[in-house]
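Hi,

Here is the structure I promised to pass on.

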Amino acid sequence: MRPSPAPGRPHVLVVEDEPAQREILSYNLSAEGFRVSTAADGEEGQMLISEDPPDVIVLDWMLPSISGIELCRQLKARSQTREIPIIMLSARSEEVDKVRGLETGADDYVVKPYAVSELLARVRAQLRRVRPAASGQVLEYEDIRLDAESYRVTRDGKSLKLGPTEFRLLATLMEKPGRVWSREALLDRVWGRDIYVDTRTVDVHVGRLRKVLMSEGGPDPLRTVRGAGYALG
Ligand code: CA
């Protein structure tokens, strides 16, 4: 099977204490092609987030132990988790709750009972923002252009031939120009968590990517950060 051109499948975490709800969401999100993790309460959610940060969190408001609101506040207060979009689920539709929900820093809000299709649309909307390449959008960085849907990369208008791994690597870097990615973070995102690959493999593929990017001229857009990893620009 050819690996998906988009960098690592988007990862959605569902924190919901009602087993039936959790099951329905997990099933539908997986059917959309997402990698799904689930937690039955706020504490388990916290643990999963620190172990394997998701791209989007679907967070139930009413949870045992740490409530969804409290967890949302905590996540939005920490620099490592602040950028992860949170979609809050609530059984209460009162306006005041909505306002409070937004004050916690939640990025979106869905009132129960909701249509699954509606929630999926909200998840996709958040992903377009944080994972543009995984959503099939065109990414541009200086003279480099990557079209995740047609699987094409050009530099200064000239077509470049990239292998699937180099393509996913470039898409990952182009989603967040300037961000320094450790080798481990690139392994997780580009190769996936379930595959054992030596971190030196990352260096080999970055080297190949660099070569192709410079094959038609132009300066090296990739930056090696000693002891830290790689960045675009
Ligand atoms: Ca609940």
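**Helix H7 and the calcium site**

In helix H7 (residues 183-191), the buried residues are Ala185, Leu186, Leu187, Arg189, Val190 and Trp191; buried means under 20% relative accessible area, exposed over 50%, and partly exposed in between, with a 1.4 Å probe and protein chains only. Helices (H or I, at least four residues) and strands (E, at least two) are DSSP runs numbered from the N terminus.

Before going on: this is a predicted model, where local features need pLDDT of at least 70, side-chain atom pairs count only at pLDDT 80 or more, and totals for chains, interfaces and linings use all residues. Residues are numbered from 1 along each chain as its sequence is written, and side-chain values use heavy atoms, leaving out hydrogens and water.

Those buried H7 residues pack against helix H6 (164-175), helix H8 (199-213) and strand E11 (229-232), with contact meaning heavy atoms within 4.5 Å. Just after H7, Gly192 has a positive phi of about 100°.

Now the calcium ion: its protein donors are Asp17 (OD), Glu18 (OE), Asp60 (OD) and Met62 (O), 2.1 to 3.1 Å away. Donors are N, O and S atoms within 2.8 Å of the metal (3.2 Å for Na, K and Ca); water is not among the atoms, so sites may look incomplete. Glu18 sits in the loop between strand E1 (11-15) and helix H1 (19-31), and Met62 in the loop between strand E3 (56-60) and helix H3 (68-77), so the pair ties together parts 44 residues apart in sequence. Glu18 is partly exposed, at 37% relative accessible area.

Overall, the protein has eight helices and eleven strands, and buried residues make up 46% of its 233 residues.

Cheers
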